[in-house]
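Q: Could we go through this structure together? I would like to learn how to read its main features.

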Amino acid sequence: MPHPLTEAAVARPCAICARFDDLGADGRPARLGIMGGTFDPIHIGHLSVAEQVREALGLDAVLFIPAGVPVFKRARRIAPAADRLAMCRLAVADNPFFDVSDIEIRRGGDTYTVDTLREMRAHYPDNVEFWFIIGADAVASISLWRESDAIAQLCKLAAVTRPGFQLDGATRAQVDEAGAFDVRYLQATALSVSSSDLRERLEHGQSIRYLTTDGVCDYIREKGLYGYAEGGKEDAEDVSRDAEGGPRCGCCR
Ligand code: DND
């Protein structure tokens with residue numbers, strides 16, 4: 001069934017995103033999930049967690065917001081923001097409850113969640129409640145985020161388990177220390193997939209098929225992202241040839 005708000009997405013410049021700019025405009029209470037991330041690249045773990053939280057909390061929509069310049073990832077090279085944004089768009093396109101916002105990329109400069117939430121609060125009426133969706137690894141560092149106490153006033157937290165990361169007492173203490181958060185801890189069906197694992201596989205010419213969507217696989221291949229090269233690296237060369245000896249797609253092999 002198409003999401004009612006999808007129908008309302010008209011051809012006009014959007015402030016936050018194309019599908020859900022009008023959320024809450026009818027005055028009724030609404031819940032908006034916010035899935036912030038570097039998404040380098042987006043994968044099924046991100047998508048599945050967002051869908052599970054949407055269902056568990058009865059969210060009207062979930063916005064994926066790729067960070068322009070993620071402040072905690074300065075130490076390594078990341079894919080260009082335009083590519084991470086395009087991959088997010090491809091990944092969510094078939095879910096009528098999902099959309100992508102480019103506000104953090106458009107804003108420029110270092111990306112801070114507090115700025116994003118303030119911009120969104122200025123756009124949406126008060127009857128729209130924000131739920132920031134966050135994995136157990138990211139939530140453990142929330143006390144280090146810029147103005148974490150202000151973030152606690154701007155949104156509620158949906159903190160979700162992730163393979164290898166516990167939502168244990170120590171993590172919860174970190175959240176308490178970060179601010180007066182209204183937090184819901186959720187047990188998600190585990191998918192042990194990570195962006196770093198995908199990047200590593202691509203660097204070695206290995207398949208990432210089923211670890212992200214087909215559209216994202218195709219995009220990575222077409223743009224040659226993450227060191228992906230047609231046919232993979234030398235050590236993967238023999239398995240990257242098709243029956244005629246031609247190069248096979250390493251990304252989706
Ligand atoms: P990541 O770089 O961890 O995102 O960033 C998460 C959010 O934190 C972004 O919105 C950042 O802007 C914000 N942040 C970070 C640091 C400082 C500040 C803000 C600040 O304002 O000062 P990833 O792309 O790595 O992951 C996206 C989300 O998906 C994370 O919450 C991660 O835990 C979660 N995730 C999974 N959850 C369950 N199962 C899996 C997952 N893989 C990723 N397999």
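Q: How many bridges join strand 4 to strand 5, and in which sense, parallel or antiparallel, do they run?
A: This is a predicted model. In it, strand 4 and strand 5 (residues 156-160) run parallel and are joined by 5 bridges. Within this pairing, isoleucine 133 stands opposite alanine 158 of strand 5.

Q: Which sense does the pairing of strand 1 and strand 4 have?
A: Strand 1 (residues 30-37) pairs with strand 4 in the parallel sense, over 6 bridges. Isoleucine 133 of strand 4 is the bridge partner of methionine 35.

Q: Where do side chains point along a strand?
A: In a regular strand they alternate between the two faces of the sheet. As for cover, strand 4 (residues 128-135) has 6 of its 8 residues buried.

Q: What does isoleucine 133 touch, apart from residues up to four places away in sequence?
A: Isoleucine 133 touches Gly33, Ile34, Met35, Val49, Ala50, Val53, Ala158 and Val160.

Q: Which residues have the most contacts inside the largest nonpolar core?
A: In soluble globular proteins, nonpolar side chains tend to be buried together. Here the largest nonpolar core has 64 residues, and those with the most contacts inside it are Ile34, Leu63, Phe64, Cys88, Ile133, Ala158 and Ala159. Helix 3 (residues 81-92) gives the most to this core, with 7 residues.

Q: Which residues come nearest to the ligand?
A: There are 28 residues around the ligand, and Gly36, Gly37, Gly45, Gly135 and Trp145 come nearest. The elements that give two or more residues to this shell are strand 1, helix 2 (44-57), helix 5 (113-123), strand 4 and helix 6 (136-139). Helix 2 gives the most, with 3 residues.

Q: How many residues of the shell around the ligand are nonpolar, polar and charged?
A: The shell divides into 14 nonpolar, 10 polar and 4 charged residues.

Q: Why does glutamine 174 count as partly exposed?
A: A residue is buried at 20 or more C-beta neighbours within 10 Å and exposed at 12 or fewer. Glutamine 174 has 16 inside 10 Å, so it counts as partly exposed. Glutamine 174 lies in helix 8 (residues 169-178).

Q: What is glutamine 174 in contact with, leaving aside its neighbours within four places in sequence?
A: Glutamine 174 is in contact with Ala140, Ile142 and Ser143.

Terms used. Residues are numbered from 1 along each chain as its sequence is written. This is a predicted model: local features need pLDDT of at least 70, side-chain atom pairs count only at pLDDT 80 or more; totals for chains, interfaces and linings use all residues. A nonpolar core is a set of buried Ala, Val, Leu, Ile, Met, Phe, Trp, Tyr and Cys residues joined through C-beta atoms within 7 Å. Helices (H or I, at least four residues) and strands (E, at least two) are DSSP runs, numbered from the N terminus. Two residues are in contact if their C-beta atoms, placed from the backbone, lie within 7 Å. Two strands pair if DSSP finds at least two bridges between them. A residue is near a molecule or strand if its C-beta atom, placed from the backbone, lies within 6 Å of it. Ala, Val, Leu, Ile, Met, Phe, Trp, Tyr, Cys and Pro count as nonpolar, Asp, Glu, Lys and Arg as charged, and the others, Gly among them, as polar.
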